[in-house]
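Subject: Structure handover

Hello,

Here is the structure I promised to pass on. Please open it alongside this message.

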Amino acid sequence: MGEKIRHDWVDMAKGLSIFLVVTMYCAASVGEDTGQTGFLHWTIAFAMPFRMPEFFLLSGLFLTQVIDRPWKAFADRRVVHYAYFYALWALIHILFKEALIGRDPTGAAGSLALAVVEPYGVLWFIYLLAVCGLVAKVLHEVKAPHWGVLAVAAILQMASVHTGSYLVDQFAEYFVYFYAGAVFAPRLFALADWAATHVMAALGVLLVWAVINAAMGFSPGFRMDPVHIEMGWGALPGIHLILALAGAAAICMVAALLTRLPFMNWLRWMGGKSLVIYVAFVLPMGIARIVLLRLGIDEPNVLSLLTMAAAIIAPLVLWWLVQKIGFGKFLFERPAWGHLPGSRARPAASAAPAE
């Protein structure tokens with residue numbers, strides 16, 4: 001399959017994933033400001049087992065198609081690609097939030113230095129994708145057995161590693177899903193094809209999955225507050241891993257079904273711009289929430305929905321404006337100097353997740 005060939009259901013799944021990620025941050029930030037919970041909190045509570053695992057799994061889907069490339073070409077597409085956008089947007093976030101709004105240039109300088117070795121804020125996902133790609137390439141070069149790597153990664157996830165390093169802890173938590181995306185890619189593509197051609201059977205499977213996922217998440221031990229949500233039995237080691245993988249597979253099935261509905265093409269298109277949204281949604285989310293609160297809009301459901309709409313639409317509007325005026329493309333496309341020399345990369349690699 002050529003690198004430019006896209007699977008509609010993959011973009012649809014990325015659209016669902018970025019939607020859930022933005023929803024989570026909007027619900028938590030609104031909860032923190034208002035001290036109340038809304039229906040978006042319950043949506044995120046249901047999606048907790050698979051929300052971020054799905055994003056990592058999708059990012060690993062096409063890994064086997066690039067893993068055999070020479071080191072320089074691979075690193076350019078799977079490491080430098082993410083490192084560029086992480087460094088750029090970490091700089092933008094820190095300067096805007098800490099130096100400009102917080103009026104703390106010293107603190108901003110410290111945050112910039114720390115961001116080199118510890119992922120900054122919401123951008124941790126992009127940082128970790130670069131690390132996951134690098135580790136996967138090293139494992140491939142030393143011919144580590146796929147099932148052995150997957151087993152060790154699963155053990156790390158179930159061990160609930162807490163070292164004090166956010167990078168190490170998040171890698172232990174999520175690498176298994178990234179690697180599973182690569183190992184199980186043929187089966188996931190087959191599952192999506194099956195779902196798209198066996199609609200009623202797929203809906204039946206999804207119904208059973210939804211009931212089990214909800215039962216495990218909302219079981220004894222579940223706790224909801226405006227900022228933090230704790231799962232019930234679904235948080236137990238092993239069960240969490242199974243629920244995450246099952247939920248990721250379910251999202252792939254849902255995405256395949258949605259591709260049959262032409263009026264849902266907007267979500268597929270949004271999925272193709274998922275990294276554009278991811279790097280840029282935090283600032284408009286914060287600004288929109290503050291403005292709406294000052295206007296007296298503090299009902300948590302209304303405030304969450306309006307904040308979420310602003311957080312998703314604003315980055316896409318910025319991307320559209322950049323394309324129209326031709327200035328600022330470096331925000332979402334790597335310039336020529338952002339590639340490794342001799343990597344034979346395309347002239348402008350967009351912020352769309354690499355395949």
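Below are the points found in it, grouped by topic.

This is a predicted model. Please read every value below as computed from that prediction.

**Aromatic pairs**

The count of aromatic pairs comes to 29. One of them joins tyrosine 84 and tryptophan 337. The ring centres of tyrosine 84 and tryptophan 337 are 5.8 Å apart and the planes meet at 70°, so the pair is edge-to-face. The cut-off for that label is over 60 degrees.

Where do the two partners sit in the chain? Tyrosine 84 belongs to helix 4, residues 71-101. Tryptophan 337 is in the loop between strand 3 (333-334) and strand 4 (349-350). The two residues are 253 residues apart, and the pair links distant parts of the chain.

Are the two partners buried or exposed? Tyrosine 84 is buried, at 10% relative accessible area. Tryptophan 337 is exposed, at 66%.

There is also an aromatic cluster. Tyr25, Phe55, Phe56, Trp124 and Phe125 are among its members.

**A lysine over two rings**

Take lysine 137 next. Its charged end sits over the ring of tryptophan 71, 5.7 Å from the ring centre. The charged end of lysine 137 also sits over the ring of phenylalanine 74, and here the distance to the centre is 5.4 Å.

**Helix 2 and histidine 41**

Helix 2 spans residues 39-47. Its buried residues are Leu40, His41, Ile44, Ala45 and Ala47. They cover an arc of only 165° around the axis, so they lie on the same side of helix 2. In general, an α-helix has 3.6 residues a turn, so residues three or four places apart point the same way.

What do the buried residues of helix 2 pack against? The partners are helix 1, helix 3 (51-60), strand 1 (223-224), strand 2 (229-230) and helix 15.

Histidine 41 is worth a look. It is in helix 2. Histidine 41 is buried, with a relative accessible area of 3%. A polar atom of its side chain lies 2.8 Å from the backbone oxygen of proline 226. Leaving aside neighbours within four places in sequence, histidine 41 is in contact with Ala27, Ala28, Gly31 and Gln36, and also with Met224, Asp225, Pro226 and Ile229.

**Helix 12**

Helix 12 covers residues 265-272. Leu267, Met270, Gly271 and Gly272 are buried there. The buried residues of helix 12 pack against helix 1 (8-34), helix 11 (239-258), helix 13 (274-280) and helix 15 (300-325).

**Cysteines**

How many disulfides are there? The count comes to zero. Cysteine 252 is in no disulfide. The nearest cysteine sulfur to that of cysteine 252 belongs to cysteine 132, 17 Å away. A disulfide would need the sulfur atoms within 2.5 Å. Cysteine 252 is buried, at 0% relative accessibility. Cysteine 26 is also buried, with a relative accessible area of 0%.

Serine 59 is in helix 3. It is buried, at 7% relative accessible area. Leaving aside neighbours within four places in sequence, serine 59 is in contact with Arg78, Phe125, Leu129 and Phe178. Serine 59 and phenylalanine 178 are 119 residues apart along the chain, and their C-alpha atoms are separated by 6.4 Å.

Alanine 73 is in helix 4. At 18% relative accessibility, alanine 73 counts as buried, because the cut-off is under 20%.

**Two backbone points**

Which residues have a positive phi although they are not glycines? Lysine 143 is one of them, with a phi of about 60°. Lysine 143 lies in the loop between helix 6 (124-141) and helix 7 (146-158). It is exposed, with a relative accessible area of 71%.

Serine 160 is another, with a positive phi of about 50°. It is in the loop between helix 7 and helix 8 (166-183). At 39% relative accessibility, serine 160 counts as partly exposed.

Best regards

Definitions and conventions
Residues numbered from 1 in each chain as written. Predicted model: local features only at pLDDT ≥ 70, side-chain atom pairs only at ≥ 80, totals over all residues. Heavy atoms only, no water. Phe/Tyr/Trp six-rings, centres within 6.5 Å; stacked < 30°, edge-to-face > 60°. Helix = DSSP H or I, 4+ residues; strand = E, 2+ residues; numbered from the N terminus. Buried < 20%, exposed > 50% of the residue type's maximum accessible area, 1.4 Å probe, protein only. Lys NZ or Arg CZ within 6 Å of the ring centre and 35° of its normal. Contact = heavy atoms within 4.5 Å. Arc of directions from axis to C-beta. Polar contact = N/O pair within 3.5 Å; in protein donor to acceptor, adjacent residues only side chain to side chain.
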